[in-house]
Amino acid sequence: MPKYLPEPFRIKMVEPIRLISAEARKEALKNAGYNVFGLHSEDVYIDFMTDSGTSAMSQEQWSAMMLGDESYAGARSFYRLKVVMDEIFGFKHFVPTHQGRAAEGILSALLIKPGQFVPSNMHFDTTEGNIRARRGKPVNLIIDQAYNPATRLDFKGNMDIAKLKKFIRETGPENIPLGMITITNNAGGGQPVSMENLRQVSATYKEFDIPFFIDACRFAENAYFIKLREPGYEDKSPLEIAQEIFSLADGATMSAKKDGIVNIGGFLALNDDKLFESVRNELIMREGFPTYGGLAGRDLEAMAVGFMEALQVSYLEYRLGQTAYLGERLLEKGIQIIEPPGAHAIYIDAMKLLPHIPQRELPGQALSIAMYLEGGIRAVELGTVAFGYIDPDTGEEIFPRLDLVRMAIPRRVYTQSHLDYTVDILAEIAAKAESYRGFRIAYQPKLLRHFTARFEPL
Ligand code: F0G
């Protein structure tokens, strides 16, 4: 059998893409303030900006959308989604939200008081932003090995349980309104968390009476890693594994734009009756009535089908295989990535590829610009621009431990030849790495600066 199986689908509808000239790419970048978020997508050849909302829906999802019930209250589509929600996630209550950050926003608004802390393995940037917006403090307590790109571990997204316990004792559980974990760990390489670790995290939060919420964006991919790598789970289905994961938590936030394989959607789910009352009220103010939550009925239908498709073994085998293929080929070319390859994305170690650019001159930003200039490829910096910040207490600039560039792979969208082209372009960049220069920030907003900042080449 070949190592990497072909796509378990054939293509029924195509969307043309084009590679504009090198001159036009230069111009487009200048107009975008050297921020790939500012590019027009038509000027991008291969778009690895995100796997969020960019996936291809199946014929089953498209046909389910035609059955959408657009009633304001009590829509049939909500109850269809509820059947799937109950089966996979099993929380007592849920509300749909238009995407993940809306769920995070509601949860943060209701639970976090200024000065309080929210631990996780690693928060994603929107979660961090929502916590900080309530003047709370996000805390990342992942195992130390996660910061070493070349270390291969089966579950490199695990929380450091000793660090978590120490943190809770020193901070006092009364200052921790909720605890989280992100599966898979997007900010740290798309690495999975083991069931054993989830059990320990759950027990620790429980011991201190801290509500436990899972950021469930890529739960199906995490479940499949558990099936492949954790003893005792080989014969369980991804669905059974997902059920066990969520049985350990008090609630979850979810962006269905990932493992819901939809273009828009999400939810906030929880067991606590009283908190749910407040969630509903908050939702009505910000998102919509609790049976649609800022989505159309047809979106709820697509989500219901998508959650189940994301748990199919043939799909997950292809999904993880495709990402591993890209990662292993880059390693063969001597390009350091976070190892082992995760599920939804490959993360290049930009400080290793461009060692002559110091961190304050934004090596990750420089690499993402080089990828667009050389090949029309769009990938996103997850380093100093995304995670660096000025400490409000000391005024000091804080740098993240890694400057990464992420190539997130949309689900069911690109073929192996798109990946081969990407490997070739990156090999060309690596061959003339010293010719690239750093950048400085010309403009930045207060929060989530990477989306709208503008840069100047040095
Ligand atoms: N949590 C994680 C782990 C995420 O990766 C994201 C989004 C969110 C929460 C927020 O969800 O976008 O629906 O509001 N990540 C996207 C990405 C944007 O590119 O990784 P959202």
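Hi everyone, and thanks for coming. Please keep in mind that we are looking at a predicted model.

Let's start with the layout. Domain 1 brings 34 residues to the contact, and domain 2 brings 37 residues.

How much area do domain 1 and domain 2 bury between them? The figure is about 3,000 Å², with 59% of it on carbon and sulfur atoms.

Now for the polar side of that interface. Eight salt bridges cross between domain 1 and domain 2, and 16 residue pairs are in polar contact there. On the domain 1 side, α12 (313-332), β9 (345-349) and β14 (404-408) each supply at least two residues. Which of these elements gives the most? That is α12, with eight residues. Sorted by class, the domain 1 side has 19 nonpolar, four polar and eleven charged residues.

Next, a stop at S52, which you will find in the loop between β1 (46-47) and α2 (59-65). Is S52 buried or exposed? S52 counts as buried, because its relative accessibility is 16% and the cut-off for buried is under 20%. Its side chain makes a polar contact of 3.0 Å with that of K258. Leaving aside residues up to four places away in sequence, S52 touches S255, K257 and K258.

E301 sits in helix α11 and R80 in helix α3, 221 residues apart. E301 is buried at 3% relative accessibility, whereas R80 is partly exposed at 34%.

Another salt bridge pairs R199 with E244, with the closest N and O atoms 3.1 Å apart. Here R199 belongs to helix α7 and E244 to helix α9, 45 residues apart. R199 is partly exposed at 33% relative accessibility, and E244 is partly exposed at 22%.

D144 and K163 also form a salt bridge, at 3.0 Å. D144 lies in the loop between β4 and α6 and K163 in helix α6, so the pair ties together parts 19 residues apart in sequence.

Finally, have a look at a network of salt bridges, which links D51, R218, E221, D259, R319 and R411.

Notes
Residues numbered from 1 in each chain as written. Predicted model: local features only at pLDDT ≥ 70, side-chain atom pairs only at ≥ 80, totals over all residues. Heavy atoms only, no water. Contact = heavy atoms within 4.5 Å. Buried area = accessible area lost by both parts, 1.4 Å probe. Salt bridge = Lys/Arg side-chain N within 4 Å of Asp/Glu carboxyl O. Polar contact = N/O pair within 3.5 Å; in protein donor to acceptor, adjacent residues only side chain to side chain. Helix = DSSP H or I, 4+ residues; strand = E, 2+ residues; numbered from the N terminus. Nonpolar A, V, L, I, M, F, W, Y, C, P; charged D, E, K, R; others polar. Buried < 20%, exposed > 50% of the residue type's maximum accessible area, 1.4 Å probe, protein only.
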